[in-house]
Amino acid sequence: MQVPAELEARIDEAITHYPVSKRSAVLPVLHLLQEHFRFISEEAVTWTAAKLGLEPVQVLEVVTFYPGFRQEAPGKVHIRVCRTLACAMAGSYELMDKFCETAGIDRSAINHHHPIGVGTDGKYSIEFVECLASCGSAPVCLVEEDLHEKVEPARASEVLAKYSA
């Protein structure tokens, strides 16, 4: 894994905020790596461990504990659909189904062991996530980093059309 110098400089700066224990810097380092590479690969785990003087398992336990870290490459456009109570009651499961149908993603292949579904063309990927902190405007989803509120399942194709370029 080749970490660009600019990214490594940002990582080095983040580590300085944790002078007592470099282990405390695992989360910010992983966030920076995922922001750049879009997921945390095995190589990223090994690189992070070496950078912080840790065993790879100590980094992997963080990656596997927090659901915000992806261990599989997402599509070019990543969709996150909230599935917590307010959104579920407002139709987020139906929204997930409609996004999958629109994006050509096999909904049946998404499960606990494979939480991200990727379309056959690699353009879109989708996953259920826990609360996106917008319960009053349910159902909600994130497409890339854009929050979409009160998304009716019938509008799934309209939402994705904004990202088709």
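The model is predicted: local features need pLDDT of at least 70, side-chain atom pairs count only at pLDDT 80 or more, and totals for chains, interfaces and linings use all residues. Residues are numbered from 1 along each chain as its sequence is written, and side-chain values use heavy atoms, with hydrogens and water left out. The protein chain contains seven helices and five strands, where helices (H or I, at least four residues) and strands (E, at least two) are DSSP runs numbered from the N terminus.

**Overall fold**

- Read from the N terminus, the elements of the protein chain follow the order α-α-α-α-β-α-α-β-β-β-β-α.
- The C-alpha trace of the protein chain spans about 50 × 35 × 30 Å along its principal axes.
- The protein chain has 165 residues, and 42% of them count as buried; buried means under 20% relative accessible area, exposed over 50%, and partly exposed in between, with a 1.4 Å probe and protein chains only.
- Of the contacts (heavy atoms within 4.5 Å) in the protein chain between residues at least 6 apart in sequence, 60% join residues at least 24 apart.

**Surface and charge**

- The protein chain exposes about 9,200 Å², of which carbon and sulfur atoms supply 54%; accessible areas come from the Shrake-Rupley method with a 1.4 Å probe, and for residues only the protein chains shown count as cover.
- L27, F65 and Y66 make a nonpolar surface patch of about 300 Å²; patches are made of residues with over 30% relative accessible area and no salt bridge, with like charges joined within 9 Å and nonpolar side chains (Val, Leu, Ile, Met, Phe, Trp, Tyr) within 5 Å.
- Y66 is located in the loop between α4 (56–65) and β1 (77–82), and with 36% relative accessibility Y66 counts as partly exposed.
- The protein chain carries 15 positive and 23 negative charges, whose mean positions are 3 Å apart. Lys and Arg count as positive and Asp and Glu as negative, while His and the chain ends are not counted; the place of a charge is taken as NZ of Lys, CZ of Arg, CG of Asp or CD of Glu.

**Salt bridges between loops**

- The structure holds 10 salt bridges, each defined as a side-chain nitrogen of Lys or Arg within 4 Å of a carboxyl oxygen of Asp or Glu.
- One of them joins E144 and R38, with the closest N and O atoms 3.0 Å apart. E144 lies in the loop between β4 (141–143) and β5 (146–148) and R38 in the loop between α2 (26–37) and α3 (42–52), so this pair ties together parts that are 106 residues apart in sequence.
- E144 is partly exposed at a relative accessible area of 22%, and R38 is partly exposed at 25% relative accessibility.
- R83 and E130 also meet through their side chains in a salt bridge (2.9 Å, N to O). Because R83 lies in the loop between β1 and α5 (85–90) and E130 in the loop between β3 (124–129) and β4, the pair ties together parts that are 47 residues apart in sequence.
- R83 counts as partly exposed at 35% relative accessibility, as does E130 at 41%.

**Other salt bridges**

- K98 pairs with E101 in a salt bridge whose closest N and O atoms are 3.3 Å apart.
- K98 and E101 are separated by about one helical turn, because they are three residues apart in helix α6 (residues 92–103).
- K98 is partly exposed, with a relative accessible area of 28%, whereas E101 is exposed at 59%.
- A network of salt bridges links E8, D12 and K51.
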